[in-house]
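Please look over the model below. A short report on its helices, rings and charges follows.

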Amino acid sequence: MAPTPDPAAALQSFAAIWGRAVHPVSQARLEPAELQELLTELTNRLRTALHAQPFDPAPGRAVGTALVAAGYAEPEALNQSLGVLHAYLTLYFPPPPVRLSPGPNAEELAARAARLQHAVAAGFAQGVAERAAADRAAADAAADTARQQAEEARHAAEARFRALFAEAAVGICVISLDGLITEVNPALAGMFGATVDQLNGSQVTDHEHPLDGPEVWTLYADLVRGKREHYRVEKPYFRVDGSVFWADQTVTLIRGADGSPLCQLAILQDITERRMLHKLLRHQATHDPLTGLPNRSLFLERLENALDRDGGAERVALCYLDLDAFKTVNDSLGHDIGDRVLVAVADRFRRCLSGPHQLVARMGGDEFTALIVDPADEEEAVALAQRFLDALDEPVVIDGQDLKITVSVGVLEGPVAALDPAKAVQGADLTLYRAKAAGGNRWAVNDPEANEVEIRRHTLATNLPGALERGEFFVEYQPLVSLPDGRIRAAEALVRWRHPEHGVLGPDRFVPIAESTGLIVPLGRWVLEQACKQVKSWQLTLDDPGLRVNVNLSPRQTRSPTLLKDVVHALDESGLEASSLCLEVTESALIGADGQSLAALRDLAALGITLALDDFGTGYANFSHLRAMPVHCLKIDRSFVDGLAVTIEPDADGGVDRLDPADRIKGAGVDAALVAGMVSLARSLDLAVTAEGIETEEQARRLQELGCDTAQGWFYARPGSPEQFVQLSRERALAS
């Protein structure tokens with residue numbers, strides 16, 4: 001139906017649609033004109049709230065309460081009302097043209113309409129609860145009155161009790177001590193859909209129901225034996241036609257003047273509608289509105305019940321599922337298509353379950369979980385995970401378009417005694433990310449050791465942002481030694497983290513985390529500033545103006561737009577000459593640098609700063625590109641140094657020094673040949689060569705023979721404090 005342009009007509013039309021929806025499903029008996037008037041007034045409230053500035057959904061609660069007050073309190077009346085609001089509210093009361101009003105746009109109006117629907121449902125629930133409370137109060141009052149009248153009737157006022165008994169709105173019956181129903185009022189007969197005569201003479205036990213809890217009949221037995229005076233329960237009953245109604249039932253023991261038990265008085269209030277509403281609200285609270293699957297709340301509830309050691313389960317299994325690259329679907333095709341894909345995927349996952357002991361739920365977004373209570377073994381969980389993968393073998397078809405969707409699954413299975421809900425979910429989640437890291441579209445089984453490593457990594461990632469402010473980082477220095485004369489020519493600055501719980505951590509533990517989060521930029525800036533200040537101090541202390549410091553640049557730092565500014569600032573603040581600073585860049589970062597990054601590095605080189613290509617030989621460098629890069633030094637990776645212990649074969653006269661370079665590496669192994677080739681390449685490009693990871697005197701001698709300029713490693717010194725570096729520099733200066 002097209003929206004009515006006249007606001008007053010739109011108001012009447014919307015109210016008419018609403019009335020046609022709720023009237024057939026309700027027992028309320030308002031005249032059509034009265035119902036139209038009521039719904040017009042409620043529609044006006046919703047329309048006003050929808051366009052109000054600022055927006056407040058509170059009028060929606062009042063509308064829901066008003067529906068209940070008017071007698072439209074059935075759950076279906078609420079369903080129909082919410083359906084009308086969802087389908088027609090923004091259609092009949094759209095946003096005004098922008099030129100006429102700065103009010104909400106269509107998207108915001110839809111969001112407001114959704115919140116108004118929630119408010120109407122909340123107000124409806126409040127109204128039903130208040131009505132139930134009022135009915136219960138009336139029932140309690142009637143019960144008190146009935147008990148009093150029963151006592152008086154037995155002794156002196158039988159007539160007054162009979163009048164109340166017959167006219168009461170709640171069901172009342174008198175039961176003998178042996179369980180025979182002797183008197184029933186018309187209200188109770190109406191609840192059962194029976195006549196008074198059909199109920200009189202029946203036994204209480206004739207009205208048992210399969211859903212009765214054991215406490216119902218235990219309480220009844222205690223009352224008959226005089227162990228209690230009354231009890232109250234909620235209990236289902238079969239009507240004569242086989243249908244079921246629920247009653248809030250209070251049973252009281254009536255005693256005679258001498259205190260001996262005479263009979264029982266039962267008062268019943270029909271609470272079927274209230275329970276139906278509670279069931280509806282419970283379903284809405286525990287199920288995902290998009291897919292219809294159980295939601296996170298219900299999944300965790302079932303998991304907690306399964307892990308309850310008194311619950312009977314011995315083992316549980318979890319599958320944590322995440323659709324691979326689902327963000328691409330939302331970004332490229334829109335969230336509406338994404339939602340339809342999720343619905344289709346959820347339906348396939350639901351069909352993967354093989355019994356009532358298995359549950360699949362939507363945790364949110366494109367994440368799902370599955371629970372298996374008492375699996376036969378881990379293989380049952382793995383088999384379910386494989387069924388989830390197989391379920392997506394066929395593309396999801398949306399509007400004739402085939403969409404290939406895959407999923408990664410983390411599987412965890414174990415005894416109840418060893419798990420708690422939070423750790424179980426965390427373990428399955430961490431396992432899922434291992435499956436994703438392996439390429440996705442696969443399952444992985446829980447590995448506690450791998451999970452512990454990942455947890456420690458997450459802990460460090462959490463602690464890292466504040467560690468710099470707390471002063472937990474410090475710098476150690478490893479000397480770079482000149483191979484020809486053995487003097488220390490430079491120091492490499494190596495950052496350390498003095499973690500309050502894990503002790504001193506090397507850069508391999510936290511630099512990758514800092515790189516992935518972007519924190520490496522401020523951390524690297526701090527290391528650069530500290531190193532520049534330190535080497536300037538050493539130049540003065542050791543009277544060695546040629547002493548240099550090497551500082552590592554991470555790939556993210558090389559791409560930072562503030563790199564040039566940060567380096568210049570560190571030099572200015574420390575007073576260090578640019579020629580005393582060497583920046584080490586990894587081969588992969590330099591080879592893959594974009595034009596902006598290379599321009600910044602060239603600007604740094606133009607200032608006189610030395611650039612070293614770190615870990616040379618481990619990447620995939622195109623050697624022909626080296627001449628175009630602003631590099632002054634190659635640092636040969638330690639992996640090539642480890643194999644330099646092979647003895648060089650002497651010439652026929654037993655000499656070594658007279659051998660040509662090609663002969664000098666004969667028999668020295670592949671590593672020596674590779675190092676010789678790197679040195680030769682460096683010399684052809686007029687580059688200096690530094691070797692890393694020197695651990696033996698033999699390696700140092702061989703590198704000197706192969707033509708390396710400087711070296712560093714534990715053979716000379718481990719990374720240490722500034723004071724240790726000063727002492728070592730003085731010792732080597734005296735020894736040379």
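A residue counts as exposed if its relative accessible area is over 50%, and as buried if that area is under 20%. The model described here is predicted.

**An exposed lysine**

Lysine 565 has a relative accessibility of 65%, so this residue counts as exposed. Its place is in helix α19, which spans residues 563–574. Alanine 600 lies 35 residues from lysine 565 along the chain, and the two C-alpha atoms are separated by 9.6 Å.

**Helix α3**

Helix α3 covers residues 58–69, 12 residues in total. From first C-alpha to last, α3 reaches 17 Å. That is close to the expected 16 Å, at 1.5 Å a residue. The buried residues of α3 are Gly60, Val63, Gly64, Ala66, Leu67 and Val68. Glycine 71 follows α3, and its phi is positive, near 105°.

**Aromatic pairs**

How many aromatic pairs does the structure hold? There are 16. One of them joins phenylalanine 14 and phenylalanine 93. Their ring centres are 5.7 Å apart and their planes meet at 50°, so the pair is tilted. Planes under 30 degrees apart would count as stacked, and over 60 as edge-to-face.

Phenylalanine 14 sits in helix α1 (residues 7–22). Phenylalanine 93 sits in the loop between α4 (75–92) and α5 (106–167). The pair therefore ties together parts that are 79 residues apart in sequence. Are these two residues buried or exposed? Phenylalanine 14 is buried, at 0% relative accessible area. Phenylalanine 93 has 5% relative accessibility, so it counts as buried.

Tyrosine 477 and tryptophan 538 form an edge-to-face pair. Tyrosine 477 belongs to strand β13 (residues 473–482), and tryptophan 538 to helix α17 (residues 520–541). This pair therefore links parts 61 residues apart in sequence. Both tyrosine 477 and tryptophan 538 are buried.

The geometry of these two pairs is set out here.

| Pair | Centre to centre | Angle between planes | Class |
|---|---|---|---|
| Phenylalanine 14 and phenylalanine 93 | 5.7 Å | 50° | tilted |
| Tyrosine 477 and tryptophan 538 | 4.8 Å | 75° | edge-to-face |

Phe14 and Phe93 also belong to one aromatic cluster, together with Trp18, Tyr88 and Tyr92.

**Charges over rings**

Lysine 235 lies over the face of tyrosine 237, at 4.0 Å from the ring centre. Arginine 718 lies over the face of tryptophan 714. Here the distance to the ring centre is 3.6 Å.

Note on methods. Residues are numbered from 1 along each chain as its sequence is written. This is a predicted model: local features need pLDDT of at least 70, side-chain atom pairs count only at pLDDT 80 or more; totals for chains, interfaces and linings use all residues. Side-chain values use heavy atoms; hydrogens and water are left out. Helices (H or I, at least four residues) and strands (E, at least two) are DSSP runs, numbered from the N terminus. The expected span of a helix is 1.5 Å times one less than its number of residues. Buried means under 20% relative accessible area, exposed over 50%, partly exposed in between (1.4 Å probe, protein chains only). Rings of Phe, Tyr and Trp (its six-membered ring) pair if their centres lie within 6.5 Å; planes under 30 degrees apart count as stacked, over 60 as edge-to-face and the rest as tilted. A charge sits over a ring if NZ of Lys or CZ of Arg is within 6 Å of the ring centre and within 35 degrees of the ring normal.
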